[in-house]
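Colleague: Could you take me through this structure, which I have not looked at before?

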Amino acid sequence: MSKCVRFYETGGPEVLRYENVEVGDPGLGQVRLRHVAVGLNFADTYFRNGTYPVPLPSGMGVEASGVVQAVGSGVTDFSIGDRVTYTGFHTALGAYSTERLIDPSLLIKIPETIAFETAAAMTMRGLTSAYLMRRIHAYQPGDSILLHAAAGGVGLIVSQWAKVLGLRVIGTVSSDAKAALALANGCDEVINYSHEDVAKRTRELTDGRGVDVVIDGVGKDTFMSSLNSLKRRGLLVCVGTASGSIPPFDPVLLAMKGSIYMTRPALADYIADPVEKAALANELFTHVAGGKINIQINQRYSLEDAAAAHHDLESRSTTGSSIFII
């Protein structure tokens with residue numbers, strides 16, 4: 001009997017249930033996948049608490065790696081034994097499981113040079129980092145970025161990728177330990193927001209100019225400091241809402257802050273095209289396999305400990321990536 005994590009009502013980590021499930025054989029256009037490792041993402045908490053509404057009861061999790069166990073009729077791109085990974089929001093819910101049926105269009109083949117644990121830890125974060133570095137802005141060597149949550153899963157990948165591109169990275173963190181981690185993974189300077197004014201310090205570090213781009217996965221708590229850290233006609237990339245959604249504002253504020261550009265991208269729109277998805281994945285795999293980007297897996301859990309994992313994630317006690325080992 002296979003195992004899965006489900007929730008029947010929205011709420012805190014305690015609503016997650018570890019249950020038996022019968023997977024069955026793949027139908028038309030499906031494959032059955034045996035998971036080896038499952039990714040834990042902050043977005044998972046949004047499904048659980050109702051921020052992202054889904055019909056209930058529902059599975060949990062949007063990212064995992066594993067081995068194809070069986071293929072249904074009509075599936076031609078995958079075979080039994082293929083090593084694969086996947087990510088996707090509503091389309092992939094159910095990753096917190098030992099086995100599942102899945103649409104093969106979501107799957108990405110992983111080379112032998114990439115371990116299952118690494119793949120599960122980096123598919124969502126890595127593809128997010130890929131579009132942030134390769135699609136969202138035409139970076140030039142010497143450009144500067146302010147990277148919030150620099151010691152987080154996306155932050156550690158972005159900072160390393162930024163160094164590949166020759167960028168200057170100023171990271172924000174909440175503790176001295178996270179500062180050390182960020183500095184060891186590509187940040188040129190770090191700002192500890194627990195006792196430093198982020199915008200003021202960013203201006204000091206850039207001789208009053210401000211940075212070219214701010215990558216902000218925090219949201220409500222950092223919105224104004226992000227605007228105040230940008231150069232004239234800089235770009236604010238709002239890529240997450242860990243502290244809550246940005247409140248409504250008059251767009252004239254962007255003009256007042258220096259004709260700022262602002263975007264709120266979603267990964268789904270950068271991997272919707274299979275060709276672009278493959279290109280981003282291949283570049284990610286190449287950097288990781290070549291040692292230019294190191295994936296930090298700093299927390300490992302059993303699937304039955306999903307509630308504890310969510311508690312750790314929401315308390316911001318984690319660094320790097322977190323995964324479930326199947």
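Colleague: Which residues in H3 meet H4?

Modeller: This is a predicted model, in which local features need pLDDT of at least 70 and side-chain atom pairs count only at pLDDT 80 or more, while totals for chains, interfaces and linings use all residues. Residues are numbered from 1 along each chain as its sequence is written, and side-chain values use heavy atoms, leaving out hydrogens and water. Helices here are DSSP runs of H or I with at least four residues, strands are runs of E with at least two, and both are numbered from the N terminus. With contact taken as heavy atoms within 4.5 Å, the partners in H4 are Gly153, Val154, Ile157, Val158, Trp161 and Ala162, and those in H3 are Met122, Arg125, Gly126, Thr128, Ser129, Ala130, Leu132, Met133 and Arg134.

Colleague: At what angle do helix H3 and helix H4 pack?

Modeller: Axes are lines fitted to C-alpha atoms, for helices over the stretch in contact, and angles run from 0 to 180 degrees between N-to-C directions. The axes of helix H3 (residues 116–134) and helix H4 (residues 153–164) are 9 Å apart, and the angle at which these helices pack is about 40°.

Colleague: Where does Pro57 lie, and which peptide bond is cis?

Modeller: Pro57 belongs to the loop between helix H1 (42–49) and strand E4 (58–59). The cis bond, with omega near 0°, runs from Leu56 to Pro57.

Colleague: What is the phi of Asp207?

Modeller: Asp207 is placed in the loop between helix H6 (198–205) and strand E12 (211–216). In this residue, which is other than glycine, phi has a positive value, near 55°.
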